[in-house]
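Have a look at the sequence and the model, then read the points in order.

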Amino acid sequence: MNPDDAGPLVLARVWADEAYRWALVAEGALPNQRTAAWIATTALDVVPTDRQELDSHVQAMMAELEAYSAQRALTPGGASWLHVQHVPVRRLVGRLVRKLLALSAWEPFAQNPGCIIPAAGEALISTRETSSRDYRLYTVTWSGIAYLLGAPAPGDPRRSAQLQQLAVSRTEVSPVPSPVPSTLPQSEVVALSWSSRHAETLLPVLKELARGGHPTVLVDLGTDAADRCPEPTTPSIRLCPAPPSLLSPAGTVSRPALADEDPGDHDKTIRVRELAVRLDRLDSLAASVVETSGGSTQPSWRAMVRTETWLDGVFASTRPHTVLLCNDTSPLGALAVHAAERHGITTVYVQHGAWTPQSVTWPALHSRHIVVMGERDIAPARAWARHPDAEIHVLGQPRFDALADIDQEQQRRYLDELLAARTDRRPEKIAVWACQPFGPDLLRAQGSLVLEGLRKAKGDWGLVIAPHPAQSAGSFALLLERASGPPVATADPGIGARGCLAGADAVLSAYSTCGIEAVLLDVPVVELAHPGGRTLGLADHGLAQRCSSADDLANALSRPPQSQGSRRNTDAVCHWRGTSARDITRLIVDRSRTRPDVATFTTVPGHWPGESQGEETQA
């Protein structure tokens, strides 16, 4: 039986095997006499969670899991499967801890905890809906929770039918032939990219390196067509797309059979409040998550082993002194830094997005040099740095260098023409909503807030929705159908918020870095803050107005625009002098010529470690 066909599931106290037991059953299958305790699993899924307690349990569970099974599988280069695959596994652990805390918070179960009988036919792992093309959001089902708490292992598959289908449905063929690593020329720097945001951040630095006579190779590991790197126009930048099949194969680490785990492992548990999770079963589900390949953002374990061998060939042929990348935490980034360090290559990480506590799945930075955007990023970078000789450099964001040359009038014409073409209106004022790849419910809620706020605001307002680069094209169809009041249109995904925000009268955003760009261009910014959600924190620096309701938004848009704040406040968020790419290039070249000291330094534009203006910090 498919649980989806039987209606919503409930957790209920039912009579089974001559005793009352907890069981997951279809709501329609509950006995007529509902005297026993019961609750819909959908109600458990929305129980509020204390963030600090959640993070504490996730950290403890990951530490126990690493101690239990990290050495079960290593790449040929010695990288542990849980080091490389930490992010997808940690996301899974985060979802199961949420469910456990909700279960513990429900008084009938907390007073009488016990084994739960799984729902017939329900898989143990499934996926959550998202508007993002990039990430596959895994979750543990409620039957998976029952399994982790000791229920008999079911005969059903670990993964849902949807997840099994995803395992065989995503393989794109690159139109560009991939060079054999041995044919690549020797280069000073190898840069790694697998998203459009990476490419936009790295290419300005590679062009600066080229101007200085430093040859580079740009490795394109993107598996989505929208995330692939453009062909560089500079001859000394060599594009190296990865083989189309590199990240597609399935395959996971070896693990115990689902039904017959080692009896000696049954006593190895970790507690979340009063609930004891079996580590052997958690290990089994974690291994199942990394079995299927989700492209460049979540490759399978087998794909990672193949990728390490391929990267070894790239590094051996090019013999660079530096590997440059924008993500060293997710599977590909952690693997690449591990491989580079093994080859004796210096690693440089360039922060490409704003950091907030809620946005970081795994607070860990592995590279030798960490380039951050603003002063406020120094503290988290210090806390997250894992390299024993890590250096932190405050050098801004290379893709923001081009903001000085933006044609504001041209972008305004684009917004006007976009709204006129769709609604036959040219409103006096235009807001750009720099969207994020939220889940469907949050996307609808935030869209409703934005539309209601614009309806209530003084003046003639229109709205242009600018999708995130990782967002699927159909994410806003329903919102556009139901829109009433102010004229609404959607920007071309190839243009996005970055291509039109300079022409706006206001930029609305929760945590898109386009909010930072708007601040730098002196365009008023409104931070959309939903309960428990995150923002860029621009309002904390006096650089934006924070709004959590339609009335807040209407009031913010009805007031005359204000100055975005002092240079000091702006620098706290992002140093912007139009020279970030040049400054990072200088860092790379300088570090290739000198032996790094054990001490670490925080640098600012124009000053370098070793000079008196540098702020020294001990590693």
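**Notes on the model**

1. Let's begin with an aspartate. D571 is buried, at a relative accessible area of 10%; "buried" here means under 20% relative accessible area, "exposed" over 50%, and "partly exposed" in between (1.4 Å probe, protein chains only). D571 makes a salt bridge with R577, and their closest N and O atoms are 2.7 Å apart. A salt bridge is counted when a side-chain nitrogen of Lys or Arg lies within 4 Å of a carboxyl oxygen of Asp or Glu. R577, for its part, is partly exposed, with a relative accessible area of 39%.

2. Before going on, some housekeeping. This is a predicted model, where local features need pLDDT of at least 70, side-chain atom pairs count only at pLDDT 80 or more, and totals for chains, interfaces and linings use all residues. Residues are numbered from 1 along each chain as its sequence is written, and side-chain values use heavy atoms, with hydrogens and water left out.

3. Now the overall picture. The chain has 619 residues, and 56% of them count as buried. Its secondary structure comes to 19 helices and 23 strands, where helices (H or I, at least four residues) and strands (E, at least two) are DSSP runs numbered from the N terminus. Among contacts in the chain with a separation of 6 or more, 71% are between residues 24 or more positions apart; a contact means heavy atoms within 4.5 Å. The chain exposes about 25200 Å², with carbon and sulfur atoms supplying 49% of that (Shrake-Rupley method, 1.4 Å probe; for residues, only the protein chains shown count as cover).

4. How many salt bridges does a search of the whole structure find? The count is 23. One of them joins E391 to R591, with the closest N and O atoms 2.8 Å apart. E391 sits in strand β15 (residues 391-394) and R591 in helix α19 (residues 580-593), so this pair ties together parts that are 200 residues apart in sequence. Both ends are under cover: E391 is buried at 2% relative accessibility, and R591 is buried at 11%. The two also belong to a network of salt bridges that links R368, E391, D590 and R591.

5. E517 lies in helix α16 (residues 514-520), while R498 is in the loop between β18 (488-490) and β19 (506-509), so the pair ties together parts 19 residues apart in sequence. Are the two partners buried or partly exposed? E517 is buried, with a relative accessible area of 1%, whereas R498 is partly exposed at 27%.

6. Stay with β19 for a moment. Side chains in a regular strand alternate between the two faces of the sheet. In β19, both faces are covered: A506 and L508 on one side, V507 and S509 on the other, are all buried. Strand β16 (residues 429-434) runs parallel to β19 and is joined to it by 4 bridges, with V432 standing opposite V507. Strand β20 (residues 525-528) also runs parallel to β19, through 3 bridges, and there S509 has E527 as its bridge partner. Two strands are said to pair if DSSP finds at least two bridges between them.

7. β19, α16 and β20 together make a right-handed β-α-β unit. Right-handed means that, with the strands pointing away from the viewer, the path from the first strand over the helix to the second runs clockwise.

8. Over to another sheet. Four strands form an open sheet in the order β3-β1-β2-β4, with mixed pairing. Its edge strands are β3 (38-40) and β4 (116-117), each of which pairs on one side only. Strand β1 (residues 9-16) and strand β2 (residues 19-26) pair in the antiparallel sense over 8 bridges, and L9 stands opposite A26 in β2.

9. A few words on cysteines. The structure holds 0 disulfides, a disulfide being a pair of cysteine sulfur atoms within 2.5 Å. C514 is in none, and the nearest cysteine sulfur, that of C500, is 8.3 Å away. C514 is buried at 8% relative accessible area, and C547 is buried at 2%.

10. Last, a pair brought together by the fold. A60 lies in helix α2 (residues 51-69) and is partly exposed, at 35% relative accessible area. A60 and R271 are 211 residues apart in sequence and 9.3 Å apart in space, C-alpha to C-alpha.
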